Amino acid sequence: MTVYILILLIILTFVFGFKNTIFEISWKKRGFAGLLIAREVFLLIIVGVLIFHINQTEGITTFYVDSASIAETEMLVLSTLLGMLVLISVFSKTIFRKYLYERSSSSYFSNIHKNETYLLYSILLLILLLDVIFLASGMKNALIEAIIFNRDLMTVRLHNSYGTIIPTFLVSFYSFLVYFLAITMGLLVRKKSKIVIVIWVLFLFLSAGFFGGKAPVFVTLFLFFLAILSRKEISLSRILVLSVPLTVILIFLIFFMVKVQYPDIESGDFLAYMIQRIGVGQIQGVYEQFALQIRDSDYIWHTVPFANFVIDAPAFNKDLMLSTWGQNVDSESTGVMNSYFIGEALAIGGYVLVYFSPVIVAFSYCLTFAVFFILFKWYFSFNKGVTSLYIKLLLPTVIIFTGDITGFLFLKLLVMLMIFITVVFIVFVLIKTFISAYKNNLMKKRSLNLVL
């Protein structure tokens with residue numbers, strides 16, 4: 001009964017606590033940040049908790065999880081989730097009110113700012129540059145390799161992860177840019193021809209699938225769709241009608257992607273796979289961790305910005321994967337395991353850090369939004385409405401709770417995002433300067449010709 005009471009409190013906090021903030025779900029205000037957060041909170045976390053609560057370990061592939069650990073873990077997950085959401089609500093209406101509190105919706109159908117086109121060119125150029133770097137280093141576009149050359153998707157993914165010397169920083173930057181591009185294209189899609197839209201979608205599809213992950217492909221296309229809706233004046237009733245064929249297309253695309261990785265999978269197995277991956281896979285790590293009780297204070301170095309350039313810090317999510325799915329397998333033959341921030345908190349600082357982690361995550365989350373809002377608005381000279389359109393889609397996508405506390409504890413995620421957006425800004429200035437100089441030069445030539 002306690003589990004269901006906590007879930008009810010989480011729902012109420014989400015509905016009423018986030019009201020009039022940037023995290024609110026609101027069609028009128030195009031509150032898609034709330035929709036993206038809700039996707040993670042309810043679909044990935046709470047559904048996973050309910051599956052474990054109802055089924056225990058029956059029908060679920062687990063390793064160390066038992067009834068006792070499930071009972072403890074579900075209470076910790078739900079109580080810390082509730083605490084985090086309450087604190088995000090409080091912080092966004094007090095400390096960070098200037099940036100995260102929004103009552104009006106007057107600016108949400110803003111005209112396209114001229115700098116948005118330069119921003120699009122900047123992101124596109126960076127992605128193409130990274131494509132060249134990745135391919136030159138021996139990486140392969142996993143999606144193209146699997147679909148066209150019929151190579152095993154997982155083999156290509158592992159090769160890209162461990163068979164090259166590309167730093168993970170650049171991989172993270174690439175993923176950030178692809179999501180950013182999807183949003184920018186969606187916001188600029190108005191008045192574009194159908195052939196341009198098709199080319200954009202195809203480019204996004206192939207770019208999102210470069211490393212072989214299925215989730216980035218769906219998230220990228222979903223962001224593109226939400227970005228279109230963010231600037232298009234369309235009724236909610238029409239969207240509900242359109243959601244039926246879009247849902248069918250999405251399910252087909254998911255099945256297609258799964259079929260690429262597992263050619264022998266049947267439709268009956270597909271449902272079981274989806275339950276395991278979405279309902280359980282995103283949160284199973286925290287259940288395994290509280291059963292295993294992995295502890296190592298050295299994991300804290302993985303949370304310090306730039307520490308990996310100085311020391312070879314152990315990664316909690318990697319060790320957790322090796323302790324479960326990766327048993328009797330070398331470290332280069334397996335990936336990392338999704339968890340929830342209290343899992344790594346337990347490994348680093350025990351139960352004290354677990355209980356304090358909602359405060360850390362909530363404050364870091366709100367601070368990241370506020371700082372990014374300031375930088376984005378300043379760098380690209382957008383007004384508050386246009387800036388809000390971008391960050392409400394971008395940040396909830398790249399800042400996730402079904403990961404570790406790594407990005408929150410010492411603001412590693414904030415530092416990384418500041419670097420990412422600054423690099424984009426530098427390229428943005430160069431492109432804008434070059435195009436402006438070219439246009440001015442062209443105008444001078446035309447004026448000279450008129451005089452002559």
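**Aromatic pairs in a predicted model**

The structure, a predicted model, holds 41 aromatic pairs.

User: What kind of pair do the rings of Phe 134 and Phe 210 form?

Analyst: The ring centres of Phe 134 and Phe 210 lie 5.7 Å apart, and their planes meet at 55°. Planes under 30 degrees apart count as stacked and those over 60 as edge-to-face. The angle of 55° therefore makes this pair tilted.

User: How many residues apart are Phe 134 and Phe 210?

Analyst: Phe 134 belongs to helix H5 (residues 114-136). Phe 210 sits in the loop between helix H9 (194-208) and helix H10 (214-231). The pair thus links distant parts of the chain, and the separation is 76 residues.

User: Are Phe 134 and Phe 210 buried or exposed?

Analyst: Buried means under 20% relative accessible area, and exposed means over 50%. On this scale, both Phe 134 and Phe 210 are buried.

User: Which kind of aromatic pair do Phe 376 and Phe 380 form?

Analyst: The two rings are 5.0 Å apart, centre to centre. Their planes stand at 65°, and over 60 degrees is the range for edge-to-face. The pair of Phe 376 and Phe 380 is edge-to-face.

User: What separates Phe 376 and Phe 380 along helix H15?

Analyst: Both residues lie in helix H15 (residues 341-380). They are four residues apart, so the separation is about one helical turn.

User: Is Phe 376 buried or exposed?

Analyst: A residue under 20% relative accessible area counts as buried. The relative accessible area of Phe 376 is 0%, so Phe 376 is buried.

Definitions and conventions. Residues are numbered from 1 along each chain as its sequence is written. This is a predicted model: local features need pLDDT of at least 70, side-chain atom pairs count only at pLDDT 80 or more; totals for chains, interfaces and linings use all residues. Side-chain values use heavy atoms; hydrogens and water are left out. Rings of Phe, Tyr and Trp (its six-membered ring) pair if their centres lie within 6.5 Å; planes under 30 degrees apart count as stacked, over 60 as edge-to-face and the rest as tilted. Helices (H or I, at least four residues) and strands (E, at least two) are DSSP runs, numbered from the N terminus. Buried means under 20% relative accessible area, exposed over 50%, partly exposed in between (1.4 Å probe, protein chains only).
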